[in-house]
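Colleague: I would like a close look at one part of this model. Please take the site around the ligand and walk me through it.

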Amino acid sequence: MTHKIILDTDPGIDDAMAIFFAFQHPDIEVLGLTTVYGNVPVSMAAKNALTLCEMADQDIPVTQGVGMPWVGPESSYAHFVHGDDGFGNTFPEPSERELDPRSSAQFIVDMARKYPGEITLVAIGPLGNLALALRLEPELPKLVKGVSIMGGAAFVPGNVTPVAEANIWNDAHAAAIVFDAKWPLTMFGLDVTLKTPFTLPFLDKLEDNNEKLGGFVKRASQFYADFYSQNRPDRVCFFHDAFPLAHLLHPELFIIKRGHARVGTSELDRGQTVIAPEGSTASPLWTEAHKVDVAVDVDHEKLEQLFIDTYAY
Ligand code: BDR
Ligand code: CA
């Protein structure tokens, strides 16, 4: 079975690793890359997405989306994690290709109308494009198959504040809209992605299996590993963004908990994803909240092998 997806992204090193994984896998059809600010400003995210398409020889639409949070001023960016260029200061040759003129939100709506019930939206950056698409087309939840996001921290601490993960913290109001919409939503947050460190031999294997794409991921990940290896004895990095894609192909690798979800939007709890597991409370404040699936664990070994094998295709 082929999974039709739109990848909403802010490339970003783990975004690049995930995008190449999606391109490489024969059972995933990427209809387009929709970009959003996050790790880098949106204009850089869009250019980086074009560069990745060119590297992978993929002629698919790339759109530029929202550059600001739903509420509040322009965000700060994560250059300290992803480098000045979003690619670990490797500065690959920029692409001459052109962007699709539509906004990311409009592209999502157009594709959902074209392929009703067939598309999974895979969002691996802040959620402004999805929130805007919901405003453009309120019937969107009925038009897509589901939504899988990298974001949030349900039962573990955050990575930007003690309670918030970066993608959700970056656009908490948009995330609240997306979590409330009546579509099947699966969340791959820090609960599962930080349980799964990838070591340098993993990067070597990606390169061995695919000199061009794996080699790029390996080079870009050196800066990323510098960031993630501060304050720990081993040298590792985390490929958060590839998790929802792996789940699409191999759900049996994951342990999922279902619960009612709320996203914090006030100063102290900004971007917090609070999950009340099913049956855990009778409070209407929670039982009336939309239910989502939350990944809490994964078979690390099999996940790693899936990435390595797919880079070899
Ligand atoms: C998320 O934030 C970004 O740095 C990564 O690309 C990932 O999407 C992890 O918190
Ligand atoms: Ca990302």
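Modeller: What follows starts at the ligand and then moves out to the chain around it. Keep in mind that this is a predicted model.

Start with the place itself. Ligand 1 sits in the largest pocket. Two elements each give two or more residues to the shell around ligand 1. They are α1, residues 13–24, and α7, residues 166–170.

Now the shell, in sequence order. Asp-14, Asp-15, Asn-39 and His-82 are among the residues that surround ligand 1. Ile-124, Met-150 and Asn-159 belong to the shell too. Glu-165, Ala-166 and Asn-167 are also part of it. His-240 and Asp-241 complete the list. By class, the shell has five polar residues, four charged ones and three nonpolar ones.

Which side chains place a polar atom by an oxygen atom of ligand 1? Asn-167 does, with a polar side-chain atom 2.9 Å from a ligand oxygen. His-82 has a polar side-chain atom 3.0 Å from an oxygen of ligand 1. For Asn-159, an N or O atom of the side chain is 3.0 Å from a ligand oxygen. How much of ligand 1 does the protein bury? Taken alone, ligand 1 exposes 280 Å², and the protein buries 96% of that.

Next, check the backbone. The peptide bond from Pro-11 to Gly-12 is cis, and its omega is near -20°. Gly-12 lies in the loop between β1, residues 3–9, and α1. Recall that α1 is one of the elements that give two or more residues to the shell. Asn-89 is in the loop between α3, residues 79–82, and α4, residues 104–114. Both spots deserve a mention because most peptide bonds are trans and most residues other than glycine have a negative phi.

Last, the whole chain. The protein chain has 14 helices and eleven strands. Its radius of gyration is 18 Å, close to the 20 Å that the globule rule gives for 313 residues, so the chain is as compact as a globular protein of that length. Along its principal axes, the C-alpha trace spans about 55 × 45 × 40 Å.

Conventions
Residues numbered from 1 in each chain as written. Chains lettered and ligands numbered in written order. Predicted model: local features only at pLDDT ≥ 70, side-chain atom pairs only at ≥ 80, totals over all residues. Heavy atoms only, no water. Near = heavy atom within 4 Å. Polar contact = N/O pair within 3.5 Å; in protein donor to acceptor, adjacent residues only side chain to side chain. Areas by Shrake-Rupley, 256 points an atom, 1.4 Å probe, with all protein chains shown as cover. 1 Å grid on protein atoms, 1.4 Å probe; cavity = no way out; pocket = protein on both sides within 12 Å on 5 of 7 lines; lining within 4 Å. Sits in = over half its atoms within 2 Å of the grid points. Helix = DSSP H or I, 4+ residues; strand = E, 2+ residues; numbered from the N terminus. Nonpolar A, V, L, I, M, F, W, Y, C, P; charged D, E, K, R; others polar. Rg over C-alpha atoms; globule rule 2.2 N^0.38 Å.
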